[in-house]
Amino acid sequence: MRFGLGYLGCAVVALAGCSGPGATVTRRDKEPPPVPAPYVRVLNAVSNQVSLQIAAREFVPAHRGWPVVWLEGVSHVGDSNYYAQLQKHLDAQTLVLFEGVGAAEREAGDQPGQTEGNPAAAQAAPPPAAASDDRGSLQSALAASLGLVFQLEAIDYHRPNFRNSDLSITQLRDLMLQSETASGKPGASESFQNLMQLMQGDSWLDALLQMALRLLGANPKFRALGRLALIDLLSEIQGDPSQLQGLPPEMKQLLEVLLQRRNEKVISDLKSQLPEIGRDGSIAVFFGTGHMPDLELKLRTQLKYRPAREIWFTVFQVDLTAANVTPAERKLVDDFVKWQLKEAGAGKNSEGRVTSGPFSTFGFRPSFGFRPSDFGVGILTAKWGNHVVG
């Protein structure tokens, strides 16, 4: 079972979240902001079936001339049927605002100053699926090891209603530097660079993890245990990495840029497109699940939208009986995930810098030593990074 535990370390992944408005106008300013409902849920209605589901939530405007808006959270790995259902739903919308820092970088380089606020120009730029050079990356290997597919290989971004609504890598780097200057605390830029190298397959850890994933993914039982680890992780953090406790200052800066500042770009694009699309159209925001709680909060407080209905898409499931997973092994997976999440807040030194746990993978680990547990938490943060970078 020690071999199985090692696989769990490789397979732990992270994705990559509705209360109504105030009852009276006079009390609105005194009421707390709405708390978004979860965008991730786990179904276990049948004793031997465990399913991961992610929501697409529809919002209707207070302004009668504006379209409905869908916040469509997505997992970057899933069953092919999952992406086929997502594609069908996205194709039915008038406009789809999607994430992709690589696509934004290419648009900024190929068509400087022409794509901002211009859907036609943005649609002419190469989408991430058309120009992606990371099909052999850690994400693809991770998906294959779990018997799943990678989002960029399953979704067709060539659709005429698709428009990139993300910041470029250059813009993100600039924002990291601004954040460091404003706070007087360095580290975010280095962490971002380490994260990008890991996601692009330029690190020794990436090569090591890909090799392990190819070997261990060949075992059906280990594959099922890896899927369970993903499901357990998402149930703990609800698809939102900001739910992790014990975040160091560097990681708080990183999250602020990777989540909140990119979400601000989406809201800005929405504001410009709402009058253009009109009341008879619809807009879908197609981003990783970790973006959804903050996006919903901004949509409801800044643009005065309210939730109307939701659709739950099944990302994938695990048949415990077919995979021959025992109750003891099921508990082992659950305990392992909780232990890895606990590592997120462990090992701070006197300067407050993380010396162990997932965040050390982004450059917080000291130069000496490599703990066995870092192998597991390394893949956790790698997959989590994919969901916030996109």
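User: Is Arg-227 buried or exposed?
Analyst: This is a predicted model. In it, Arg-227 has a relative accessible area of 12%, so Arg-227 counts as buried, the limit being under 20%.

User: Which residue does Arg-227 form a salt bridge with?
Analyst: The partner of Arg-227 is Asp-79, and their closest N and O atoms are 4.0 Å apart. The pair joins distant parts of the chain, 148 residues apart. Arg-227 belongs to helix H11, whereas Asp-79 sits in the loop between strand S4 and helix H2.

User: And Asp-79, what is its relative accessibility?
Analyst: The value for Asp-79 is 25%, which means that Asp-79 is partly exposed.

User: Turning to helix H14, how many residues apart are Lys-331 and Asp-335?
Analyst: They are 4 residues apart in helix H14, so about one helical turn separates them. Lys-331 is exposed at 51% relative accessibility, while Asp-335 is partly exposed at 35%.

User: Which residue pairs with Lys-338?
Analyst: Lys-338 forms a salt bridge with Asp-334, and the closest N and O atoms are 3.2 Å apart. Both residues lie in helix H14, 4 residues apart. Lys-338 is partly exposed at 42% relative accessibility, and Asp-334 is partly exposed at 21%.

User: Which residues are linked in a network?
Analyst: Salt bridges link Arg-57, Glu-296, Arg-300 and Glu-310 in a network.

User: How many salt bridges does the count come to?
Analyst: The count comes to 17 salt bridges.

Notes
Residues are numbered from 1 along each chain as its sequence is written. This is a predicted model: local features need pLDDT of at least 70, side-chain atom pairs count only at pLDDT 80 or more; totals for chains, interfaces and linings use all residues. Side-chain values use heavy atoms; hydrogens and water are left out. A salt bridge is a side-chain nitrogen of Lys or Arg within 4 Å of a carboxyl oxygen of Asp or Glu. Helices (H or I, at least four residues) and strands (E, at least two) are DSSP runs, numbered from the N terminus. Buried means under 20% relative accessible area, exposed over 50%, partly exposed in between (1.4 Å probe, protein chains only).
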